[in-house]
Every structure is written in structure tokens, then in C-alpha cells.
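These are my notebook entries on one protein chain.

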Amino acid sequence: MIPYGRQDITQADIDAVVSVLESDFLTQGPQVPRFEQAVALHVGASYAIAVNSATSALHIACLSLGLGEGDWLWTTPISFVASANCGLYCGAQIDFVDIDPRTYNLCPEALATKLEKAEKAGRLPKIVVPVHLCGQSCDMQAIDALSQRYGFRIIEDASHAIGGRYQGEFIGNCRYSDVTVFSFHPVKIITTGEGGMAVTNSAQLANKMDLLRSHGITRDPAQMTHAAEGPWYYQQIDLGFNYRMTELQAALGISQMQRLDTFVARRHQLAVIYNEQLADLPITLPWQHQDSYSGFHLYVIRLQLDKIKKTDGRFLKNYVMPGWVSIFIIFRFIFNPTIIGWGLSLAIFPMLKITMLML
Ligand SMILES: Cc1ncc(COP(=O)(O)O)c(C=O)c1O
């Protein structure tokens, strides 16, 4: 069976990691800042904080924006658990906003309606986490306009979306958000084994996330509560974590970044092939907004169940039964528990996974 995900590793990637193994630093050396700079430069953000997963990046982004007990974080019900768990880690409460049935992304109109009600109830969210599902950007301009009106902060969960663009600019430039988060898990577009990154244009948020990823410890005398006792001196000024990325991971990331545009272009080529090959099936193919150039982490098809029931089982016979289709995720629509969606991964081409949604 073709696996759900498979990383693309070249000799250059291997050489990059081996050279770190032979160097002085396995952690906290020069590779992590180099990787951060490469990503920040590519996506057009001012600052980047590399961490050990996108989950960690979401967590420190929430903390840096001051999320805590009594606050609400809203996100989409179609995502991986981490998009909501980051709020729970901070003691906040979670709620979900309905999706746009064309993109499966958080719907700005549904958000507007929910915000209006929440304002009356005195329960506005502190943070909204739009997720660029499958790599296609949410309508960030519309979400940002609502944030101006209602005062919430925005963390883009772009775990699926590095290399994608919105309105012609790379996802991650944070034009319409406070922070954007990427994942480098092996099933994603580029990989560092495990790994993630938060990018932002705010020096203050970058500084806070930098602190939180490494125990809340600083060596910067300007941030200490009293004068440094020597060049060796450091101080813990916040309660942080060990969310650091290793030098090995960063070296792999730098090497992978050089092929980011090629990876995304290849995914688009494969999507064209899927579009052609699947055109006659009783399914809805991915719909792309004109403002979007997707990272195409996943290629979602939606089964037209009413039509499938009437067919001769072609879909099951040709696609599910041969064994190269694997169930990979269950989406539960928490805002409406009567609707249960589930997905299958059709890994015809290892670089681009087809995901079936049955809503
Ligand atoms: C939308 C989304 N957000 C966050 C994550 C968490 O990423 P990581 O595995 O790097 O923590 C994932 C992982 O699949 C994801 O799909």
C-alpha cells in the first residue's frame, strides 16, 4: 500500500544533516537562526521562531498574545486537534466557527454572524485561529476586517500551507494576522522530521515567543530584573518550555527550503492530473478561490453520497477495495455532533494525498 505521506529526501538533505553531526553544535548553534532567516525571507515576515512542532508554535503564539483563563479561542471544526488544543493549554475555552462549503475553510460570513451574537452575550473571542486547510488560504482580508471591528487577535494555522500564496503574496507574511504557524512534520510540504515555526512582524511577539520556547530564560541584560553578574549570567524571567528545534532539524529544513517552490509546483501538476482522472466520478473536486495559490498539502474530494448510492459501487471497487486507500482521519463536527465527516487518503501520488470528505 502506498503510505499516506512520504517525505522527499535527497543526498543534499542527507549531507546537510551529516555535516551538523560532524560539527560542534547539535543544538543552539548557527543552523536554527539560518533556517529562521530562510523561512522569514521566503514568506516575507520580519521575524521567525523555530520550534519542535507546529503544536508548540501555536502554544507559544497563544501565550504571547496573552491568552488565559476566562478567554475564548475560536477556530474551525475541520482541522487537526492542535488548532484548538493550543487554547486549552492556556486555560482558555474553545468554540468553533462553521466552514465555507467550497473551500472547507473557516467562513468569514459565519464568523461575522457568530461575533455579532457573542458581542451581545459579552463572550467575544480573544484569538481566532483560521486554518489554511489543505494549503489553501482562508479569506484573511475579511477575517482581518472583523478583527478590527471586534478586537480579536489572529493566528494563522498554516501547517498545511508553506509555499502557498494569498492575493499573490506568500502565506506567512502576516499582512492580516499577528502570527502565522508552519508545520514541518514529514507528511507536510517540507520536513524537518518533527518541527514547526512561528513567523510574525511584531518584534514584541517574536521576543516573547523566543523566550517561551527556551524555558523563559534570557541572556539579554536589558530584559533582566537586575544587572547581569557577568557575561556567563542568564535569568529566567518567564515560565517557558523546552520547545527548541535541533541543529539537525534546522539543517534539513534549510536544505528542504531550497526545493519548496518545486515541491508546490509539483503538487499543482499532480492536482491537474487528479482533476482530469477523477472528473467522471460522483465526487466534488477541490475548489480554488481566485485569490489563492494553494500549497496543496492535501487534495480533498467530497463524495456525492446521493449519487454514489445509485452507482454500481464503482468508487469502492476501483478505489477503496484495491487496498491503496487508507482511512486517515475522522472529522467530528463539534458544533453539530449529528454530522460526522470522515476522510480517506488516496495516495496515488505520494507527493499529494487525496482526501475524501463525507459530510
Ligand atoms: C492544521 C494543523 N495544525 C497543526 C498541526 C500540528 O502540527 P505538528 O505535528 O507539527 O505539531 C497539524 C498537524 O497535522 C495540522 O494539520
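Is Q167 buried, partly exposed or exposed? I found that Q167 is partly exposed, because 16 other C-beta atoms lie within 10 Å. I applied these cut-offs: a residue is buried if 20 or more other C-beta atoms lie within 10 Å of its own, exposed if 12 or fewer, and partly exposed in between, with C-beta atoms placed from the backbone.

**Entry 1: the source**

I noted that this is a predicted model, in which local features need pLDDT of at least 70, side-chain atom pairs count only at pLDDT 80 or more, and totals for chains, interfaces and linings use all residues. I number residues from 1 along each chain as its sequence is written.

**Entry 2: the whole chain**

I recorded eleven helices and 17 strands in the chain. Helices (H or I, at least four residues) and strands (E, at least two) are DSSP runs, numbered from the N terminus. Of the 359 residues in the chain, 46% are buried. I also looked up the contacts with a separation of 6 or more: residues 24 or more positions apart account for 68% of them. Two residues are in contact if their C-beta atoms, placed from the backbone, lie within 7 Å.

**Entry 3: two positive phi values**

I read that most residues other than glycine have a negative phi. I then looked up Q167, whose phi is near 50°, a positive value in a residue other than glycine. Q167 is in the loop between β6 (165–166) and β7 (169–170). Y104 also has a positive phi, near 65°. I located Y104 in the loop between β3 (93–96) and α5. Y104 is buried, with 25 other C-beta atoms within 10 Å.

**Entry 4: M224**

I found M224 in the loop between β10 (217–218) and β11 (235–236). M224 counts as partly exposed because it has 15 C-beta neighbours inside 10 Å. Leaving out residues up to four places away in sequence, I listed T218, Q235 and I237 as touching M224. M224 and I237 are 13 residues apart along the chain, and their C-alpha atoms are separated by 7.0 Å.

**Entry 5: helix α8**

How many residues of α8 (residues 247–257) are buried? I counted eleven of its eleven residues as buried, and the helix is mostly covered. Among the buried residues are E247, L252 and M257. I looked up what covers them, and the cover includes α1 (11–21), α2 (31–43), β1 (47–51) and α9 (260–277).

The axes of α1 and α8 come within 8 Å and cross at roughly 150°. Axes are lines fitted to C-alpha atoms, for helices over the stretch in contact, and angles run from 0 to 180 degrees between N-to-C directions. The two helices, α1 and α8, are therefore roughly antiparallel to each other. Angles under 35 degrees count as roughly parallel, over 145 as roughly antiparallel, 65 to 115 as roughly perpendicular and the rest as oblique. I noted that the crossing of α1 and α8 is right-handed. A crossing is right-handed if the near helix is turned clockwise from the far one by less than a right angle, and left-handed if anticlockwise. The residues in this contact include A12, V17 and L21 of α1, and L248, A251 and I254 of α8. By class, I recorded nine nonpolar, three polar and two charged residues in the contact of α1 with α8. Ala, Val, Leu, Ile, Met, Phe, Trp, Tyr, Cys and Pro count as nonpolar, Asp, Glu, Lys and Arg as charged, and the others, Gly among them, as polar.

The axes of α3 (residues 54–64) and α4 (residues 82–89) come within 9 Å and cross at roughly 45°. That makes α3 oblique to α4. I noted a right-handed crossing for α3 and α4. In this contact A54, T55, L58, H59 and C62 of α3 meet A82, S83, C86, G87 and Y89 of α4. The contact of α3 with α4 has six nonpolar, four polar and no charged residues.

Which residues are closest to the ligand? I listed S53, A54, T55, F80 and S183 as the closest of the 14 residues that surround the ligand (C-beta atom, placed from the backbone, within 6 Å). I found that α3 and α4 each supply at least two residues of this shell. The shell residues divide into four nonpolar, nine polar and one charged.
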